[in-house]
Amino acid sequence: MTVVVVDYGAGNTRSVRAALTHLGRDSVVSADPRLIADAPYVILPGVGSARSAMTHLEETGAATALRERFAADQPILGICLGMQLALQASEEDNGVKGLGLLEGIVVRLDAPRIPRLGWAVVEPWGDAFYFAHSFVAESPDAVATSEGLVAAVQRGSFLGVQFHPEKSDAAGLDFLESCLSLA
Amino acid sequence: MPLARLIPCLDVAAGRVVKGVSFVNLRDVGDPVELAQFYSAGGADELVFLDITATPEGASTMVHVVERVADVLEIPFTVGGGIRSVEDASRIIEAGADRVSLNSAALADPELITEIARRFGSQAVVVAIDAGNDVVYTHGGRQATDIATVPWAVEAATRGAGEILLTSIARDGQRTGFDLVLTEAVRDAVDIPVIASGGAGCAQHVADALRVTDAALVASIVHENPAGLPGLRREIEALGIELRPLKERT
C-alpha cells in the first residue's frame with residue numbers, strides 16, 4: 001500500500017516519508033486529487049504557514065479531495081499544521097479559513113515561551129512526543145491533551161495530532177504504525 | 001513547559017565529524033549519520049550539527065549529510081554553519097532539517113531571521129550567539145563585536161527567531177560548568193526557548209543549567225564516551241531533572 005503525503009508546496013516532507021520507510025511503507029508526495037481520493041491512507045503533514053498551505057490546497061484541488069475523502073470515511077492523519085488546517089479557522093496569518101472537517105479553531109498559544117518546543121507527555125496515551133508550535137487548537141473534537149493543551153483531535157476518519165510523530169522516536173513510530181494499521 | 005532537553009552537538013567539516021569523538025565500536029567514528037543514530041539510540045532529545053567548513057563546497061556536502069541524517073533519524077535536528085540566505089536555509093530544511101541556526105549572517109543582516117521565519121515558521125529559526133564579556137563574538141568566537149549580548153538576543157527574538165543557542169566562549173571546552181549568570185540574563189530577557197551551551201563537564205553541570213533554562217548543549221562530555229549518554233541521562237534525572245521517558249519499540 002502506498003501512503004499519500006499531501007504536498008502543499010512548502011518545506012520538509014522528507015522526514016514523514018523517512019518514518020514511513022522505516023515502517024516498511026511506500027509513500028508518495030502529491031497534491032493530485034485522484035491520488036488523494038484513492039489512497040488507502042493519506043497524511044497531511046505539518047510544514048509552512050497556514051495561509052500559503054490553504055491557498056495551495058485549494059488551488060491544486062487537494063482541499064476538495066480531502067473533504068470528499070473525509071465524507072467517504074477514508075482515513076486521514078493530520079500532523080501539526082496539517083491538523084490545524086482541518087479545523088474551521090485559524091488566527092494565524094491574520095485569519096485563515098480551514099478545511100472545516102472538524103469543529104474548532106486555532107488560536108495563538110498562551111505559554112511561557114513560544115514556540116513551545118520539546119518533548120511532552122500526551123494524556124491519556126502516556127507517551128512523550130515532540131512538539132514545535134506557536135498556535136494550538138481549541139476544539140470539542142479533542143481526544144488527547146498535553147500540559148492542558150489540545151494534542152489530538154478526532155472526528156470520523158480524521159485524526160489530527162499537534163505533535164510530530166515522525167520526530168518522536170520510538171513512541172512516534174509506534175503511533176504511526178497503529179494509525180496505518182487502520183488502513 | 002515541555003520537558004528539559006539534552007542536545008549533543010556534532011561539529012562537521014567536509015561531511016565528517018571532527019573534534020575528537022573517541023569510541024571504538026562504531027564502524028566509522030567520523031560518519032555524522034552513524035554517530036547521530038548512536039546518540040539517538042542513547043536518548044538524545046535532539047541533535048545539532050554545525051558545519052565548520054563554511055565553504056561553498058562544504059555547503060553542498062552538508063546538504064547531502066542532512067539528507068542522509070533525515071532518512072534515518074526520528075528525532076529533531078538543527079543545522080548551522082554557512083547559512084547566509086533564505087535559499088541556503090531552504091536547501092537545508094528541504095533536505096530534512098527541522099531548524100537552521102544562524103550566527104554571523106544574522107548579525108550582518110538581521111532581516112534574514114525574519115525572512116526565514118516568515119517562510120518556515122519561527123520554530124525553524126535558531127539564532128546562535130557566541131557571548132563573551134557581555135558582547136557578541138563572530139568567526140567562531142575569535143572576533144569581538146560592539147553588540148551587547150542581551151539586547152541582541154532580544155532583537156533576534158523580536159525579529160522572529162524561535163530559539164536562542166547561547167554559547168559562553170569563556171566556558172566552551174573548559175568543562176567547568178555552564179555560565180548560569182549569562183544564561184539567566186538571556187532567559188529573563190526573551191520569551192523564546194534558550195539552549196545553554198559551553199562548559200558541560202558532568203551531570204551536575206547539566207542539571208544546574210536545566211534548572212535555569214529549557215535545554216543544554218553537550219559536546220566533549222559525550223564525544224569522549226558516546227556510550228555513556230544513557231548513563232549521563234540517568235545521572236541528570238537522579239539530580240531531580242525530568243527528561244523525556246525513553247521507550248522501546250513495541
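One definition before I point at anything: helices of at least four residues and strands of at least two are DSSP runs, numbered from the N terminus. With that numbering, A:Glu166 sits in the loop between β13 (158-161) and α6 of chain A. Please keep in mind that this is a predicted model.

Let me stay with A:Glu166. Is A:Glu166 buried or exposed? The cut-off for buried is 20 or more other C-beta atoms within 10 Å. A:Glu166 has 28 within that distance, so it counts as buried. Leaving out residues up to four places away in sequence, A:Glu166 touches A:Ser15, A:Val16, A:Ala19 and A:Gly172 in chain A, and B:Glu74 in chain B. For another distance in chain A, take A:Glu103, which is 63 residues from A:Glu166 along the chain. Their C-alpha atoms are 25 Å apart.

Chain A puts 32 residues into the contact, and chain B puts in 31 residues. On the chain A side, at least two residues each come from α1 (14-22), β8 (116-121), β9 (128-133) and α6 (169-180). Which element gives the most to that side? It is α6(A), with six residues. By class, the side of chain A that touches chain B is made of 15 nonpolar, nine polar and eight charged residues.

Next, a sheet in chain A. Four strands make up an open sheet with mixed pairing, and the order is β6-β5-β7-β10. At the edges are β6 (96-97) and β10 (135-138), each with a single partner strand, so one side of each has no neighbour in the sheet. The partner of β6(A) is β5, residues 89-90; the two run antiparallel and are joined by two bridges. Within that pairing, A:Ala89 has A:Lys97 as its bridge partner.

Last, chain B as a whole. The chain has ten helices and eleven strands. Its radius of gyration is 17 Å, close to the 18 Å from the globule rule for 250 residues, so chain B is as compact as a globular protein of that length. Along the principal axes, the C-alpha atoms of chain B fill a box of roughly 45 × 40 × 35 Å. Of its 250 residues, 51% count as buried. As for contacts in chain B between residues at least 6 apart in sequence, 66% join residues at least 24 apart.

That's what I have; I'll stop there.

Key:
Residues numbered from 1 in each chain as written. Chains lettered and ligands numbered in written order. Predicted model: local features only at pLDDT ≥ 70, side-chain atom pairs only at ≥ 80, totals over all residues. Contact = placed C-beta atoms within 7 Å. Nonpolar A, V, L, I, M, F, W, Y, C, P; charged D, E, K, R; others polar. Rg over C-alpha atoms; globule rule 2.2 N^0.38 Å. Buried ≥ 20, exposed ≤ 12 C-beta atoms within 10 Å, placed from the backbone. Pairing = 2+ DSSP bridges.
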